[in-house]
Amino acid sequence: MSCIFCKIADAEIPAKVVYEDEYVLGFLDIKPINPGHTLVIPKNHFESLSDVSEETLARMASASKKIASVLKEALASKCEGINLHLADGKAAGQEVFHIHLHIIPRYTTDSFGLKFPPHYGKITTEEIDSVYRKLRNLLE
Ligand code: 5GP
Ligand code: ZN
């Protein structure tokens, strides 16, 4: 298995692990957006949201809540906010295909953020409603 996050989960390559339980691992991102930027992964390999079990995703969310709260304490008043971010698929920015949640400490001055596209605010009511109807049908 050549997956880098599986290797971290198996302790084959080093990482700055800050959290571990039976199902998930939390470790510092090698290229943090801000100090304390942490990744939470399942110990088992799941590539994406469609592969991961609901139980594992719930464990990732629960660990992220704990880590986010401790991060705020560790960074003290310097941490102004937290983003939880999950990139699912290449178009969403996923580079490592072992599902992971980013926990990113945020500051009003850090210049990080999602870019809004030129068509932002210009999606037509027809397009919005067409998806809305499909979602309602598929999710009911
Ligand atoms: P993605 O773009 O897939 O959501 O994010 C992948 C993240 O994994 C990036 O933020 C990147 O810095 C981090 N990363 C990639 N390789 C390694 C590694 O070997 N060790 C650690 N700690 N983080 C890694
Ligand atoms: Zn993996």
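Which residue has a polar backbone atom 2.9 Å from a nitrogen atom of ligand 1? The answer is L28, and the first of these close-ups of a predicted model begins there.

**View 1. Backbone atoms meet ligand 1.** Ligand 1 has 16 residues around it, and the closest are D29, G93, E95, H100 and H102. The backbone takes part in several polar pairs here. Look for a nitrogen atom of ligand 1 at 2.9 Å from a polar backbone atom of L28, and for a nitrogen atom of ligand 1 at 3.2 Å from a backbone N or O atom of I30. On V96, a backbone N or O atom sits 2.9 Å from an oxygen atom of the ligand. Taken on its own, ligand 1 has 520 Å² of accessible area, and the protein covers 83% of it.

**View 2. Two cysteines and two histidines hold the zinc ion (ligand 2).** The donor atoms are SG of C3, SG of C6, ND1 of H45 and ND1 of H98, at 2.0 to 2.3 Å. The angles among these 4 donor atoms run from 105 to 118°, and the site is tetrahedral. For comparison, the ideal angle for four tetrahedral donors is 109.5 degrees. Along the sequence, the donor residues follow the spacing C-x2-C-x38-H-x52-H. The two histidines link distant parts of the chain, 53 residues apart: H45 belongs to the loop between β3 (38-42) and α2 (54-75), and H98 to the loop between β4 (81-85) and β5 (101-106). H45 counts as partly exposed because its relative accessibility is 32%, whereas H98, at 0%, counts as buried.

**View 3. S64 is a buried serine in helix α2.** With a relative accessibility of 1%, S64 falls under the 20% limit and so counts as buried. Does its side chain point to a polar partner or to none? A polar atom of that side chain lies 2.7 Å from the backbone oxygen of M60. Leaving aside residues up to four places away in sequence, S64 touches V40, L84, L101 and I103.

**View 4. A11 and S111 have positive phi values.** Most residues other than glycine have a negative phi, so these two spots are worth a look. A11, with phi near 60°, is in the loop between α1 (4-9) and β1 (17-20). A11 is exposed, with a relative accessible area of 66%. S111 is not a glycine either, and its phi is about 60°. Find S111 in the loop between β5 and α3 (125-139); at 76% relative accessibility, S111 counts as exposed.

Notes:
Residues numbered from 1 in each chain as written. Chains lettered and ligands numbered in written order. Predicted model: local features only at pLDDT ≥ 70, side-chain atom pairs only at ≥ 80, totals over all residues. Heavy atoms only, no water. Donors = N, O, S within 2.8 Å, 3.2 Å for Na, K, Ca; no water. Tetrahedral: all angles 85-135°; square planar, octahedral: opposite > 155°, others 65-115°. Helix = DSSP H or I, 4+ residues; strand = E, 2+ residues; numbered from the N terminus. Buried < 20%, exposed > 50% of the residue type's maximum accessible area, 1.4 Å probe, protein only. Polar contact = N/O pair within 3.5 Å; in protein donor to acceptor, adjacent residues only side chain to side chain. Contact = heavy atoms within 4.5 Å. Near = heavy atom within 4 Å. Areas by Shrake-Rupley, 256 points an atom, 1.4 Å probe, with all protein chains shown as cover.
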